[in-house]
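I opened the notebook to record what I looked up in this structure. The entries follow the order in which I went through the helices, the cores and the loops.

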Amino acid sequence: MPLPFMRLRARSVRGVLCALWLLALCATAQAGPGQQAVASAHPLATAAGEAIFAAGGNAFDVAVAVTAALGVTEPQGSGLGGGGFFLLHEAEPGRSVMLDARETAPGAAHRDLYLDADGEVIPGLSLDGALAAAIPGMPAALVHLAGRYGRLTLDANLAPAIRLAEAGFPANAGFQQMARFRLEALRTGADAADIFLRDGEVPEAGELIRQPDLAATLRRLAEQGIDGFYAGETAERLVAGVQAAGGIWTLEDLAGYKLVERSPLVLEHDGARIVTAPPPSSGGIAIGQILNILAVQDNDLGDDEILRVHLLVEAMRRAYRDRALYLGDPDHVNIPVTRLLSREHAAELRQGIDLDRATPSAELSLMPESSAGKPPRVESPQTSHFSVLDAEGNRVAATITLNYPFGSGFVPPGTGVLLNNEMDDFAARPGVPNAYGLIGFEANAIGPYRRPLSSMSPTFVETPERITVLGTPGGSRIITTVLHGILATLEGADAEEIVREGRFHHQYLPDHIEFESGALDTDVLLGLARRGHTLSPQVRPFGNMQVVLWERRQDRVEAASDPRGNGSAVVLPAQ
């Protein structure tokens, strides 16, 4: 049974005084909570964050340590060979910013990179092996976070991850499941197989996974900073390994990588200020569009849960359609952000929603016939997320990734760095779905040095009563899972309730509602079916949300790690 967040009746903003309060919150420093917390997808990464707090680090130092530790202990989800988005809030100036550490296409990349002579996409070429890898942004993010925002040295912040890489971590069920899923890709690369497999097979539960080459690479990064990865010995090994395996990286590609600080998107809904990811994330715009459609709903839906779910699904459908049409790398594509987030556009989208009938996606003037019936490949809990809050009120929501589980499955010899396969997030050919069933067009075409469109959506939800730091992995489902978390927050759910909430999802294509067991009542499912929705129950749950919540008026901090995953969360007294 869905919790009260499902009650999506449109409500007006709570008044001018509340709006003024929110403006003041944005413009001035706020007293901190006096406690600190971290929630991450692996207990050893959470422990690394605890150690940095104990050493006197702030939220940004903890973010460096947790990111690096997750890259060691959860290699199926993130690592030095990937990238991510780090949403930061500095309490003292009251400033929020997003670090865009998204991977970039190599300089030799072009729009036909994965097409055969007939213009058809070559299966697997953008998923497996060296040619699937974009230039990583993660090392640049760690150096920037420590140097610009941290209190401790980069060397101190990376020390827990280096120790974990040397000593090893025990293979758990999540690691085994994803290694089994990507077994052939891991077997193909000798270095990856040596690190993550045992005689070509998935390790037994509890068997230690040691990564001495990765420890050495982390140590060079700690000692040399940006040049410890993007130049010198590590860069030379990376490029030599990639080129020997058929990839197109160059030393110039690595040396030219630039992390970008971007202004986050700020949305207002139901009296809350929602700070979230801008392009090249599609998450912030899609979430804003869905919330705007709910806000312009001109009829109170009352207690009709079927109508509420139907409206939310139709809003999701339209937001994902706009994602395919308009969104890409903002440094290379003109994105009409203001129009897409306008109430006028929301009203136009809402006008096309029939409350008594599902809108077939084919009626929304986009769907190419070639992709109409193609389901996505198996959805997987790749990517990772963590949330951090310190005693001063500094906070981080970070979603980090290699894209598919274990990324490309390729480790350049002598580096220990498992490379991403983010090139699959580009539109390999207009209208052809990627690994998650998402389609794209010219705005997300492959091009040199472009950043591929992403669904990662680290988010802050700020109200006079509470501040919530949240995010999740989940591929194309990230956006809707974060949306559920936002709505649960606004309905007053605590941290544990937010992460446990049942989830459902629609993404335009494929044209069906995916839902977890128990997320929707039988009566709701029957009502949706009568309206023409295709229902797709999911055997496996989706998402792995990590939440830190500061109840401002009670001066209380909560933290919760999604029970769907293997993570942990902790609240600590101030050092």
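**Entry 1: Ala295.** I began with Ala295, which is partly exposed at a relative accessible area of 22%. For this I took buried as under 20% relative accessible area, exposed as over 50% and partly exposed as in between, with a 1.4 Å probe and protein chains only. Ala295 is part of helix α13.

**Entry 2: ground rules.** I noted that this is a predicted model, in which local features need pLDDT of at least 70 and side-chain atom pairs count only at pLDDT 80 or more, while totals for chains, interfaces and linings use all residues. Residues are numbered from 1 along each chain as its sequence is written, and side-chain values use heavy atoms, with hydrogens and water left out. Helices (H or I, at least four residues) and strands (E, at least two) are DSSP runs, numbered from the N terminus.

**Entry 3: helix α13.** I next read off the helix that holds Ala295. Helix α13 covers residues 283-295, which is 13 residues, and spans 18 Å from its first C-alpha to its last. That is close to the 18 Å expected at 1.5 Å a residue; the expected span is 1.5 Å times one less than the number of residues.

How many of the 13 residues of α13 are buried? I found 12, so the helix is largely enclosed by the rest of the structure. Among the buried ones are Gly283, Gly284, Ile287, Gln289 and Leu294. The buried residues of α13 pack against strands β7 (265-269) and β8 (272-276). They also pack against helices α14 (305-326), α15 (337-340), α16 (343-351) and α17 (478-490).

**Entry 4: α13 and α16.** I looked at how these two helices cross. Their axes come within 8 Å and cross at roughly 70°. Axes are lines fitted to C-alpha atoms, for helices over the stretch in contact, and angles run from 0 to 180 degrees between N-to-C directions. The two helices are therefore roughly perpendicular to each other. Angles under 35 degrees count as roughly parallel, over 145 as roughly antiparallel, 65 to 115 as roughly perpendicular and the rest as oblique.

Gln289, Asn292, Ile293 and Ala295 in α13 meet Arg343, His345, Ala346, Leu349 and Arg350 in α16; contact means heavy atoms within 4.5 Å. I sorted the residues of this contact into four nonpolar, three polar and two charged. Ala, Val, Leu, Ile, Met, Phe, Trp, Tyr, Cys and Pro count as nonpolar, Asp, Glu, Lys and Arg as charged, and the others, Gly among them, as polar.

**Entry 5: Thr481.** I then went to α17, where Thr481 is placed. Thr481 counts as buried at 1% relative accessibility. Not counting residues up to four places away in sequence, Thr481 touches Thr472, Arg503, Phe542 and Met545.

**Entry 6: α5 and α9.** How do the axes of helix α5 and helix α9 cross? I found that the axes of α5 (residues 154-167) and α9 (residues 212-224) come within 8 Å and cross at roughly 175°. That makes α5 roughly antiparallel to α9. The residues of this contact divide into 10 nonpolar, no polar and three charged. Among those that meet are Leu158 and Ile162 in α5, and Leu218 and Arg219 in α9.

**Entry 7: cores.** I looked up the largest nonpolar core, which has 83 residues. Such a core is a set of buried Ala, Val, Leu, Ile, Met, Phe, Trp, Tyr and Cys residues joined through side-chain atoms within 4.5 Å. Its largest share, 11 residues, comes from helix α3 (residues 59-73). Phe86, Phe196 and Phe386 have the most contacts inside this core. Leaving aside neighbours within four places in sequence, the contacts of Phe386 include Ala63, Val66, Leu70, Phe86 and Gln546. Another core, of 73 residues, lies apart from the largest one and includes Ala277, Ala315, Phe460 and Leu525.

**Entry 8: loops.** I ended with the backbone. A cis peptide bond joins Pro279 and Pro280, with omega about 20°; Pro280 is in the loop between β8 and α13. Another cis peptide bond joins Leu509 and Pro510, with omega about -5°. Pro510 lies in the loop between β13 (504-505) and β14 (513-516), and Tyr508 is also found between β13 and β14. Phi of Tyr508 is positive, near 80°, and Tyr508 counts as buried at 1% relative accessibility. Phe406 has a positive phi of about 60° although it is not a glycine.
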